[in-house]
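Reader: Could you walk me through this one? I'd like to start with the fold and then move on to the chain contacts.

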Amino acid sequence: MKVSNAILGAAIGALLAGSAMADTIKVGIIGPFSGPFALQGKNFQAGVEAYMALNGKSVKGHDIEVIYRDLPAANPAQSRALAQELVVKEKVQYLGGVYFTPDAMAITPLLKQANTPLVIFNAATSAIMTQSPLVVRTSFTTAQTTSPLGKIATERGVKKVISAVSDYGPGVDAEAAFKKAFEAAGGQVVEAIRMPLNTTDFSPIMQRVRDSGAEAVFAFLPSGPTTLGFVKAYNETGLKQAGIKFFAPGDLTQESDLPALGDGAVGLLTTFHYAVSHDSPENKKFVEAATKAVGGADQLSFPSVGAYDGMHVIYKMIEATDGKQDAQKAVDAVKGLAWTSPRGPVSIDAETRHITENIYLREVVKGPDGKTTNKEIQTFPNQKDPGLATQ
Amino acid sequence: MQTVLSIAIDAFAYGMALFIICIGLSLTMGLMRVVNLAHGAFAMIAGYIASYAARDLGLGYAVAIFLAIIGTVVISIPLERLLYRRIYGRPELTQVLMTIGITFCIIGITNYFFGPTLKTIPLPGSLSQPVDVGFKTIAAHRLFVMACGIVVAGGLWYLIEKTDFGIKLRATVDNAAMADALGVRTQVVYAVSFAIAIGLAALGGVVGAEFLPIEPYYALRYMVTFLVVVSVGGAGSIPGAVAACLLLGAVDTTGRYLMPEFGNFFFYAAVIAIVCVFPRGFFGRAQ
């Protein structure tokens, strides 16, 4: 009996050692791969696949295996369960992805115990970074992309703005960030409207914009069907002809929504960290590879670049720890890391572990082929997250 | 005053768009006693067909609407014969489960074939420009939606109250066995009224696309709104549906203008109040 136990123990030991020697490093990625946000999940996958296609599937002789887990809508409990499953059952050494803030928040308490770093590809609320020292983010925050708009608006001679945002966390963040930046630049927010998330008819909102006497409207809505209604209402109610300007962060004119927005979007000014049209050799290579992975040029959008750079960070972490599971060492290794991303020069802020990047002012323009694109017309270099700076 | 007028006109346009989509559902629920939760899915199919016809094939708006209605009805006929016919007269729970299953299948299939992005239906120049109506600029398209709503309401009322088919339909609904015995081909009546309901959903989906944009989750996203209209108006009643759409459109639009921070509070508060006072809706028939 004792002997057989010993043999069994040895066998298990050998198996465990064997699996460690096989040397495949697993990366678990959580994102919305089905459901209403499937396009954003597809973009995660496109970014990851593009990175692996361009940079190889192994680091220092360690093969990388990516395991995807589907989280169709914001669901913190399920997010936590998926992360746990990835760590315990699949034995992933790195976690990545996460589209929604509450999902990211639910994972952070696990990281230390699991000895696993989390690289966030999208979730854009400043506070996530303060929840765990093992979180690194390669996307953006709403405050980061919105803040330059305050200066832009005053430079264009706008003194009074009405803000209209969707009534949920990121909308409130955008409202606050814009107000702060715009008032610092000498402007005045005359009214702040918070719109229900499921609003479909925006003409009453436009009537309010008109009645408020503001010279411009600042808007934030989650990308997708709502933005279409909003931009249409802006055009149809005659606000555009009346000369009321329109400012928004780039979520409103994400590339995959542009064909639907059509000519109505031409002339809209948005600020964002990435435009598919960004003119650089790195971006050309990226767009080519990611388009192949996503399956169509019109489906490529900003989450892909967050995922691409997220994979870069994970590769660097694997390089630094040489395949060993050491979350703190991995995170320390990428603090201050700087590289040229498809979106331009970026670096990981050593203190906040959030990405420092250029924010671009873009105008929607119509190309010779009749298609609209976001054209970058001004650069605000090396923007940190102002949302974190104040905390 | 100007503001009141412009809210009123916005409310009217929104209400009429809702009416065109919902009246078909009201007919299936009131006259045929089928809780058809897949109604929005048919509106969505029509939107996709119209978008494909107008955007990818470059056909005109009128042709696109026509193709969308015909296409959706054609798709619905085998569904009616194979699936819906089994649930006529069955308990509501069976109907709800069956139709919600159909909804999810349709969502999956459209998502697979047409992709997850938003689809728009390009409007002809005459409908896409803003029109100055004196106190306000509104889109010509909104006027078109209002006109469509009025025509649909009048046409349906005439069909049900004044024509032979209407008499047969009302007889079939009240007592199918007796109508059958008197020589009314009830299966045909059911099939035709189902087709009319689907055709209206299709029309609503296309002309209402500016209010409720076409995307794969359309059917689920607006399901509650559609059901609310039917329940407030009273299933099967055309004047009821008109009243419900106008009232709910007005409450929703005014609430959004005056106090957008309250979200849908006013909309649902109104629904609760109305259902308390009129448990069968405004013009609901006693069962």
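Predicted model: local features only at pLDDT ≥ 70, side-chain atom pairs only at ≥ 80, totals over all residues.

Reader: Fine. Which strands does helix 4 of chain A lie across?

Author: Helix 4 of chain A, residues 101-114, lies across strand 1, strand 4 (94-97), strand 5 (118-120) and strand 6 of chain A, and helix 4 runs at about 160 degrees to strand 5 of chain A.

Reader: And what is the order of the strands in that open sheet of chain A?

Author: The open sheet in chain A has 6 strands in the order 2-3-1-4-5-6, and the pairing is mixed. Strand 2 (58-59) and strand 6 (135-137) of chain A stand at the edges with a single partner strand each, so one side of each has no neighbour in the sheet.

Reader: Strands 1 and 3 of chain A, parallel or antiparallel?

Author: Parallel: strand 1 (residues 24-31) and strand 3 (residues 62-70) of chain A pair over 8 bridges, and Gly31(A) stands opposite Asp70(A) in strand 3 of chain A.

Reader: Which residue forms a salt bridge with Arg69(A)?

Author: Glu85(A) does, with the closest N and O atoms 3.1 Å apart. Because Arg69(A) lies in strand 3 of chain A and Glu85(A) in helix 3 (residues 76-88) of chain A, the pair ties together parts that are 16 residues apart in sequence.

Reader: Switching to the interface, how many residues of chain A are in contact with chain B?

Author: On chain A 35 residues are in contact with 32 residues of chain B, and the two chains bury about 2,900 Å² between them, with 55% of it on carbon and sulfur atoms.

Reader: How many salt bridges are there across the interface of chain A and chain B?

Author: The rule finds 2 salt bridges across that interface; one of them joins Asp201(A) to Arg142(B), whose closest N and O atoms are 2.8 Å apart. The largest share of the side of chain A that touches chain B, 7 residues, comes from helix 8 of chain A. By type, the residues on that side of chain A divide into 12 nonpolar, 13 polar and 10 charged.

Definitions and conventions:
Residues numbered from 1 in each chain as written. Chains lettered and ligands numbered in written order. Heavy atoms only, no water. Pairing = 2+ DSSP bridges. Helix = DSSP H or I, 4+ residues; strand = E, 2+ residues; numbered from the N terminus. Contact = heavy atoms within 4.5 Å. Axes fitted to C-alpha atoms, helices over the stretch in contact; angles between N-to-C directions. Buried area = accessible area lost by both parts, 1.4 Å probe. Salt bridge = Lys/Arg side-chain N within 4 Å of Asp/Glu carboxyl O. Nonpolar A, V, L, I, M, F, W, Y, C, P; charged D, E, K, R; others polar.
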